[in-house]
Amino acid sequence: MKLGDFEIHLLVAGRMRFDGGLVFGVVPKVVWERYKPADDRNLVELACVGAVVRLGGKVIVCETGIGAKLDEKRARQVDLREPEGLLAALGRLGIRPEEVDVVLSTHLHWDHAGGFTRTSPGGGVAITFPKAKHFYQRREFDYALEPDPRSKAAYLAEDFVPVAEAGLVEFVDGDAEILPGVELRFTGGHTPGNQVVIFRSGELAVAMCGDLVGVQPHLRRAWNSGGDLDVVTALQQKGRLLDEAARHRWLLLLGHEAEHPAGYVDAAGAWTPEPALGAV
Ligand SMILES: [Zn+2]
């Protein structure tokens, strides 16, 4: 899809299932189940949503999903399918990993940064996009290295450390415009260094919400991911984002929505999918 100066494609970098309690936190199951039915293991269907953007001759990958390094036990737990979905989608667009200039993610959890690296033929870990500059919020990286007990399982060093060791990381502190029209908005909330990625061209904008608005039911102001570390900040930042998106008709990408993850929200929270932006 063309949007002002940039061309954007929707990626699905893996389909999977998470426990409904993790997705909806304190919202009672009898309520959330009306919007996302759970299977007999209480799992709800999700996807890892990303985007590839061409802007000013650069290729930008935003969100990389889980990737294919996940151990068998955890892959089974989350019913992971299409672990190579990101690279397959890029292939369909005719983009080789070496041609990617910039890699972005909303945070460094395993289901967002997993695709930064892959298993190399020799058994070690190789960087998926070896020529790309990867932008990390410094406090997210610092936290990921020494997480709290609950977050330990959510950060896998093999996802994000090799990229830093290879000198491919540019650290960011807070809000930043990393290229003309490409903004990182620091939010915190879900994780200490969580951010939203916003692509702008004139009046037009696309925002990658990540886990701030993971699935359509999270468009409700009081609902949030059960994984949020700082709930109040997450809700405040989501409110701000949804207000702006409704007012200026921003195109939103919901980080884990399996059905119609790209669309527009109105002031009442109603969702209208963007039909021109289907997954590659
Ligand atoms: Zn996530």
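Which residue lies over the face of W110? In this predicted model, that residue is R74, at 4.9 Å from the ring centre.

A pair of aromatic rings is described by the distance of the centres and the angle of the planes. Ring centres must lie within 6.5 Å to be paired, and by this rule there are twelve aromatic pairs. One of them joins F24 and W32, with centres 5.2 Å apart and planes at 25 degrees. Planes under 30 degrees apart count as stacked, so the pair of F24 and W32 is stacked. Both partners are shielded: F24 is buried at 1% relative accessibility, and W32 is buried with a relative accessible area of 2%.

The pair of Y143 and Y155 has another geometry. The centres of these two rings are 6.4 Å apart and the planes stand at 70 degrees, so the pair is edge-to-face. Y143 belongs to helix 6, which covers residues 138-145, while Y155 sits in the loop between helix 6 and helix 7 (157-165). The pair therefore ties together parts that are twelve residues apart in sequence. Y143 is partly exposed, at 23% relative accessible area, whereas Y155 is buried, at 6%. Both tyrosines belong to a cluster linked by ring pairs, together with F116, Y136, F141, F160 and F171.

Helix 6 also holds R138. This arginine is partly exposed, with a relative accessible area of 37%. What does R138 touch, leaving aside its neighbours within four places in sequence? Its contacts are F171, V172 and D173. Of these, D173 is 35 residues from R138 along the chain, yet the C-alpha atoms of the two are separated by 5.9 Å. F171 is also a member of the ring cluster described above.

The last stop is the zinc ion. D111, H112, D211 and H256 coordinate the zinc ion at 2.0 to 2.6 Å, the aspartates through OD atoms and the histidines through NE2. Along the chain, the donors follow the spacing D-H-x98-D-x44-H. H112 lies in helix 5 (residues 110-113), and H256 lies in the loop between strand 14 (251-254) and strand 15 (262-265), so this pair ties together parts that are 144 residues apart in sequence. Both histidines, H112 and H256, are buried.

Conventions: Residues numbered from 1 in each chain as written. Predicted model: local features only at pLDDT ≥ 70, side-chain atom pairs only at ≥ 80, totals over all residues. Heavy atoms only, no water. Phe/Tyr/Trp six-rings, centres within 6.5 Å; stacked < 30°, edge-to-face > 60°. Buried < 20%, exposed > 50% of the residue type's maximum accessible area, 1.4 Å probe, protein only. Helix = DSSP H or I, 4+ residues; strand = E, 2+ residues; numbered from the N terminus. Lys NZ or Arg CZ within 6 Å of the ring centre and 35° of its normal. Contact = heavy atoms within 4.5 Å. Donors = N, O, S within 2.8 Å, 3.2 Å for Na, K, Ca; no water.
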